[in-house]
Amino acid sequence: KLKGIDPVKSLNLSKRKLCSASTVVIAALIGVNGSLTSCNVLFNKMDVAAAKLLVEAVKDKNISLCGITSDQTTYGHRPPMVDADDIWKPAYNQPHRLLPDAILLASD
């Protein structure tokens with residue numbers, strides 16, 4: 001999807017097990033991208049500081065970090081179940097794991 005010369009308007013990076021370090025790269029790329037309007041990064045392994053970094057990167061750029069479109073009026077999504085051997089299982093039973101996503105949703 002990122003090959004070629006056509007501008008990319010949306011990316012879905014949700015549920016990719018991206019860690020906080022990954023968000024540094026994503027934030028840097030979002031900051032210089034002129035065509036992106038949506039970059040869904042919900043349900044990853046980022047911490048609060050990483051979520052705030054992404055929010056700052058899209059500030060004043062009108063880019064959704066949750067895959068929400070400008071004409072969308074509702075949002076209904078349940079946090080995902082993850083592999084049984086994953087230390088983050090299941091995310092919705094650990095409220096502190098949902099705080100980064102709450103920050104992202106609030107920014108949209």
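Buried residues are those under 20% relative accessible area, exposed ones are over 50%, and partly exposed ones lie in between, with a 1.4 Å probe and protein chains only. This is a predicted model, in which local features need pLDDT of at least 70 and side-chain atom pairs count only at pLDDT 80 or more, while totals for chains, interfaces and linings use all residues. Residues are numbered from 1 along each chain as its sequence is written, and side-chain values use heavy atoms, with hydrogens and water left out.

**View 1. The whole protein and its order of elements.** Buried residues account for 32% of the 108 residues. The protein has three helices and two strands, arranged along the sequence as β-α-β-α-α; helices (H or I, at least four residues) and strands (E, at least two) are DSSP runs, numbered from the N terminus. Where contact means heavy atoms within 4.5 Å, 78% of the contacts between residues at least 6 apart in sequence join residues at least 24 apart.

View 2. In helix H1 (residues 20–32), the buried residues are Thr 23, Ile 26, Ala 27 and Ile 30. Seen down the axis of H1, these buried residues fall within an arc of 105°, so they line one face of the helix, the arc being that of the directions from the helix axis to the C-beta atoms. An α-helix has 3.6 residues a turn, so residues three or four places apart point the same way. Strand S2 (38–40) and H2 are what the buried residues of H1 pack against, whereas the face turned away from the buried side carries the exposed residues Ala 21, Val 25, Leu 29 and Val 32.

**View 3. Leu 36 in the loop between H1 and S2.** Leu 36, placed in the loop between H1 and S2, counts as buried at 7% relative accessibility. Leaving aside neighbours within four places in sequence, Leu 36 is in contact with Val 8, Lys 9, Ser 10, Leu 11, Ile 30 and Ile 63. The C-alpha atoms of Leu 36 and Lys 61 are separated by 9.1 Å, although the two lie 25 residues apart along the chain.

**View 4. Ser 64 in the loop between H2 and H3.** Ser 64 lies in the loop between helix H2 (48–58) and helix H3 (95–107), and counts as buried at 5% relative accessibility. Once neighbours within four places in sequence are left aside, the contacts of Ser 64 are with Thr 37, Ser 38, Cys 39, Asn 40 and Asp 108.
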